[in-house]
Amino acid sequence: MKITTEILKSTIQNKGYKWFSGLNIVGIRSTMDVPNTFNDFLFTSWDANLLAWIITTDPGTYWLNNPINKLGTAVLKPGQYVGCYSLGFHQGKSNHPALVQTGKVTVYRDNNRDNKIDKNSKEETGLFGINIHRSNLNGRTMTIGKWSAGCQVFQSKTDHDKFLSICNLYKKDLNNKFTYTLLDERDFY
């Protein structure tokens, strides 16, 4: 299926979420459950433009097998997180600009320490550092590895840089409060 702005808009509205007149940031989690693989998409719609990039919306197998949190590894639950992100720096690192979580989101807690993501496990809502950031500083990263412990992570730094340049166009108008909507690929069928 080819994703257009109209398809994105109607799918978001059918879910009962808001479509914004300016900037829309939409992740789509693939139904293809292949561990440690960048196989999801992030769409950015603004001023009649639409771009898509390869990302992961899933944690890497390293963190699935070695959770940081005693409740388990975070997996962002699909939903619309209004005004929950701001331009900043991933983990406070000045060489790693990102959209950082500044509002509450809901995650599943996968705690069975295997390579498979459990999206129907215990839910938790709060501030977890579920950021939207890049992987490797150079080039394209082929596997997720340690790059995501629940974050939404770009496979390519160049793609991430372009994404942030678009966000910067809206920083002032949005008071540096960005909305991220995560959908499941099944929402389009």
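**Figure 1. Strand β1 and its pairing partners.** β1 pairs with strand β2 (residues 40-46) in the antiparallel sense, over five bridges. Two strands count as paired if DSSP finds at least two bridges between them. Strands here are DSSP runs of E with at least two residues, helices are runs of H or I with at least four residues, and both are numbered from the N terminus. In this pairing, Ile-28 stands opposite Phe-41 of β2. β1 also pairs with strand β11 (residues 178-184), in the parallel sense and again over five bridges. There, Val-26 has Thr-181 of β11 as its bridge partner.

This is a predicted model, in which local features need pLDDT of at least 70, side-chain atom pairs count only at pLDDT 80 or more, and totals for chains, interfaces and linings use all residues. Residues are numbered from 1 along each chain as its sequence is written, and side-chain values use heavy atoms, with hydrogens and water left out.

**Figure 2. The two faces of β1.** Strand β1 spans residues 24-29, and six of its six residues are buried, so the strand is largely enclosed by the rest of the structure. Buried means under 20% relative accessible area, exposed means over 50%, and partly exposed lies in between (1.4 Å probe, protein chains only). Which residues cover each side of β1? Asn-24, Val-26 and Ile-28 lie on one side. Ile-25, Gly-27 and Arg-29 lie on the other. Both faces are covered.

**Figure 3. Strand β5 between β11 and β6.** β5 covers residues 79-89 and joins β11 through four bridges, running antiparallel. Gly-79 stands opposite Leu-182 of β11. Five bridges join β5 to strand β6 (residues 97-101), again antiparallel. In β6, Leu-99 is the bridge partner of Leu-87.

**Figure 4. Strand β4 and its partner β7.** β4 takes in residues 73-76, and both of its faces are covered. Thr-73 and Val-75 are buried on one side, Ala-74 and Leu-76 on the other. Four bridges join β4 to strand β7 (residues 105-110), and the two run antiparallel. Arg-109 of β7 is the bridge partner of Ala-74.

**Figure 5. Pro-59 in its loop.** Pro-59 sits in the loop between β3 (49-56) and α2 (61-65). Is Pro-59 buried or exposed? With a relative accessible area of 1%, Pro-59 is buried. Leaving aside neighbours within four places in sequence, Pro-59 is in contact with Leu-64, Ile-117 and Ile-144, among others. Contact means heavy atoms within 4.5 Å. The list of contacts also includes Thr-73, Ala-74 and Val-75, which are residues of β4. Further contacts of Pro-59 include Ser-148, Ala-149 and Gly-150. Leu-76 is 17 residues from Pro-59 along the chain, and their C-alpha atoms are separated by 9.2 Å.

**Figure 6. Thr-11 in helix α1.** Helix α1 runs over residues 5-14 and holds Thr-11. Thr-11 counts as buried, at 7% relative accessibility. What does Thr-11 touch, not counting residues up to four places away in sequence? Its contacts are Leu-183, Asp-187 and Phe-188.

**Figure 7. Two loop residues with positive phi.** Most residues other than glycine have a negative phi. Asp-47 has a positive value, near 40°. Asp-47 lies in the loop between β2 and β3. At 55% relative accessibility, Asp-47 counts as exposed. Asn-176 also has a positive phi, near 55°. Asn-176 is placed in the loop between α3 (157-170) and β11. Asn-176 is buried, with a relative accessible area of 17%.

**Figure 8. The setting of the close-ups.** The protein has three helices and 11 strands. Their order along the sequence is α-β-β-β-α-β-β-β-β-β-β-β-α-β. The radius of gyration is 15 Å, close to the 16 Å of the globule rule for 189 residues, so the protein is as compact as a globular protein of that length. The radius is taken over C-alpha atoms, and the rule is 2.2 Å times the number of residues to the power 0.38. Buried residues make up 50% of the 189 residues. Among contacts with a separation of 6 or more, 62% come from residues 24 or more positions apart. Along the principal axes, the C-alpha atoms fill a box of roughly 45 × 40 × 30 Å.
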